[in-house]
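These are my notebook entries on one structure. I wrote down what I looked up, in the order in which I looked.

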Amino acid sequence: MKKFILKLIPYVTVMIIVMVVIPYVVDPYNVFHIYNMRNTGVTPNERIIKMKYILDHPDKYDAFVFGNSRVGSLHTEKIEGYKCYNMTYSVGAPSEFLKNIQTFIANGIVPKKIFIGLDNMSYMSDEELHRTDGMEMPYEYARDNHDTFFNVYFNPVMVFRSLKTMKAGKKIEGIEHMLEYGWWVDYGHATVTDDGNLKPTIAEVRDVKKAIDRTIEDVRQIKELCEENSIEAVFFTNPMHYVTYEECVKNWEYLYFMDELVKVTYYYNFSYPNRYTQDSGNFLDTSHYTAEYGDLIIEVLNAGRKDVDTINKMKYDNTINSVTTDDLCILIEKEL
Amino acid sequence: MLFNSVQFAIFLPIVFIIYWAIPDRYRRYFLLIASYIFYMSWNPKYIVLIVFQSVISYYAGIRISKDGKKENKRTILRLAVIAEAGLLFIFKYYNFAIENYNILANIFGIRRFDAINIILPVGISFYTFQTIGYVADVYMGKCEPEKSLITYCAYISYFPQLVAGPIERSVNLMPQIKKKKEFNYDQAVEGLKYMLLGFFKKLCIADKLAPYVDAVYADPAAYNGGAIAVAVIFFTFQIYCDFSGYSDIAIGVSKLLGIDLMNNFAGPYTALSVKEFWDRWHISLSTWIRDYIYIPLGGNRCSRIRSNINLLISFLISGLWHGANWTFVAWGAIHGMAVVACRYAKKLIDRLKKSMAGKALLWLVCFTFLNLSWVLFRAENFKEALYMIGHVFKGIDKPAEYMHTGLIDFRKNLPGIVLCLGLLSIYDVVELKYDIFKKIKAAPAVARHVIYTAMIVIIIVFRAQSASEFVYFQF
């Protein structure tokens, strides 16, 4: 027995170092270093980091913005009347937002208000595909599936592959203030150059109608959950760069999405084509808008539903263009 | 707790150390406690049923041996079998029976019954067969009844094989639980080898193939012929690697505790006929069915037709054992018919086996049959199964596109999958002639450690990200 254990010890020791210690220390996705995040060059798992942070600080915020990376341009500290945190995370889907809100409520965190940003990526994202991705594993899935969590994060192959990215020295935006605010796009960010060859930001989906219907059902459940818990839920569609928008409406799908959405809730439509979405100076790429553009959205959200006329007449000034903002947003309250 | 879970990685070393640290006379008590803890990790309520079934069969064995009259012995045997099988029926087949009864009730306008809300306890099919087998063995005089309830319960609940077999025989396992054991270094090392092999099959092959198979079977209409064909072949390997991987880990864990379980698989996909396949696949179940159903029905000690009927009945029961669905029964039926056909074609098969080309042809026919029959096993219903089978060759007239759409969804994982399947195939073929573990044992120390290290590295590098349950747990 002694001989057996002695012979096993080197194997077990090496395996613990390779499969536990090294992945824990290197931790490219920062899931084990929430309060001392390193800018590894690898996009951290914001889903796990932000949820853990909020659950550790249940009284710090009374409002949240949910959405994919596009809402990462919203500087939520400018939301008036609330201490608002930006729960943006890459390719976030409404099914994930729903689970996050359920987790908050189950842990005694009942916000007064939530804002949900939607767009074409809302239905093009598939939560199931996120489950085994180090960057995208949902918090609730990680919490309930320890074995998959172990396989993904205590994975020497993953660590080895990340080393190349980490050595390249690239820095990820937004890490410094992820815990305080949650947004990642700062002011003065470089914008995309429109050379006429821009590619739309879309993803391949096997059955688009099914995906849209499923997403709308998730939105409905979010709305119901908020109503049950006296949470004011405000939905809006993100501004979409015209190249992406045109691609999405070419096959009717985004129009169908918007038509189905109004059956569930009113929403602020920032995504329809207007002079802002036509201007590449308002976008980092064909997916993400600038923080300056985000401020305009926040002004609309602050103004609220009553001031529809105000929304439609707001001015928008920046150092590049001065244009009237009478078409920044349309409030969609009923089916057209 | 799954074998491939963090929980088990903590559970096993603790059990191993305590088991060998305590005096031998306490080991079966400890084994029983550890087994019950293992079983309750799924659902603590399950323990009531397994204890109840253990106690029924334990007392049945005692009563049978004490009673002098053969008729009484037979009555006790029947009552015990009815009780054990009855509980299996309630938990596993009641709702299936009610569903089918209600179809007839609708036709004839008679009273319908509601389904009951019941959870299928993990492993019930396996340990129920063990209890029935024990009582039958006592009745037939193959073994003496076990006097110690503790030993008997430890035998029924023995955790390495509790939830997915091998279905052990009392004459093999109980004496090993009872006998005084000294730690055997060679046995323990062999146990680790089996575990490595099992984890390789489960983590590097079965779990890698599972997401693709699940996606296609969930929505076959969304995929073309190439993708369906790939999913069919992948499931063939998924179920083999999942199930035999579990068995290997179970055998390996048991060897660490100084107990040898029976072998459950012997390179089944190297079989040249369906009859040969059943000599190599889930051996513990097929021998159980042979000994407790086929032979009592008359076996082949009767006319050929009667023997074939006995065989078909045995395969129908085998199919039904796997699940409460007509697809499983149909799967059993077509395998039964195939084995009967092999009987009639024995001369032809023997002649073909004499040449390499003949063997290749036999293998191809057998392997194709297995692939297509597994579709019935995996599909939710006949409609889905027939759709899959009917569309396997759709688009094959454009081979390049057929292959492209078949492989596109997992091309990232393809090299790893091909490598692992290749290694497995080589292992299974070589194992037919040589005991590979014995060869490794005889190799120089450096070579042995290189092999072990290589296996561990392969498992770490090629394992799937997501952990999934073992397929046979649902039975």
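Entry 1, confidence. I looked up chain B and found a mean pLDDT of 91, with 97% of its residues at 70 or more; pLDDT is the predictor's confidence in each residue, from 0 to 100. For the complex the predictor gives an ipTM of 0.80 and a pTM of 0.86. I keep in mind that where pLDDT is low, the predicted coordinates should not be read in detail.

Residues are numbered from 1 along each chain as its sequence is written, chains are lettered from A and ligands numbered from 1 in the order in which they are written, and side-chain values use heavy atoms, with hydrogens and water left out.

I counted contacts (heavy atoms within 4.5 Å) and got 20 residues of chain A against 26 residues of chain B. The buried area is about 2,100 Å², and carbon and sulfur atoms give 62% of it; the term means the accessible area (1.4 Å probe) that two parts lose on being put together, summed over both.

I then looked for salt bridges, defined as a side-chain nitrogen of Lys or Arg within 4 Å of a carboxyl oxygen of Asp or Glu. The rule finds one across the interface of chain A and chain B. The partners are Lys210(A) and Asp219(B), at 4.0 Å from N to O.

On the side of chain A that touches chain B, the elements giving two or more residues are helix H1 (2-26), helix H7 (146-153) and helix H8 (156-168). Helices (H or I, at least four residues) and strands (E, at least two) are DSSP runs, numbered from the N terminus. H1(A) gives the largest share, seven residues. By type, this side of chain A has eleven nonpolar, four polar and five charged residues. Ala, Val, Leu, Ile, Met, Phe, Trp, Tyr, Cys and Pro count as nonpolar, Asp, Glu, Lys and Arg as charged, and the others, Gly among them, as polar.

Entry 4, salt bridges in general. Over all chains the count comes to 32. I picked out Glu46(A) and Lys50(A), which pair at 3.3 Å, N to O. They are four residues apart in helix H2 (residues 46-56) of chain A, so about one helical turn separates them. Glu46(A) is buried at 11% relative accessible area, and Lys50(A) is buried at 0%. Buried means under 20% relative accessible area, exposed over 50%, partly exposed in between (1.4 Å probe, protein chains only).

Arg70(A) and Asp119(A) form another salt bridge, with the closest N and O atoms 3.0 Å apart. This pair links distant parts of the chain, 49 residues apart: Arg70(A) is in the loop between strand E1 (63-66) and strand E2 (84-86), and Asp119(A) in the loop between strand E3 (113-118) and helix H4 (120-124). Both residues are buried. Lys99(A), Glu127(A) and Arg131(A) are linked in a network of salt bridges.

I placed His177(A) in the loop between H8 and helix H9 (208-228) of chain A. It is buried, with 15% relative accessibility. Leaving out residues up to four places away in sequence, His177(A) touches Gly182(A), Trp183(A) and Asp186(A).

Which peptide bond is cis, with omega near 5°? I found the one from Gly165(B) to Pro166(B). Pro166(B) lies in the loop between helix H7 (159-162) and helix H8 (170-178) of chain B. I noted this because most residues other than glycine have a negative phi, and most peptide bonds are trans.

Val91(A) has a positive phi, near 45°, and is partly exposed at 21% relative accessibility. Ser230(A) also has a positive phi, of about 55°, and is exposed at 66%.

Methods. Predicted model: local features only at pLDDT ≥ 70, side-chain atom pairs only at ≥ 80, totals over all residues.
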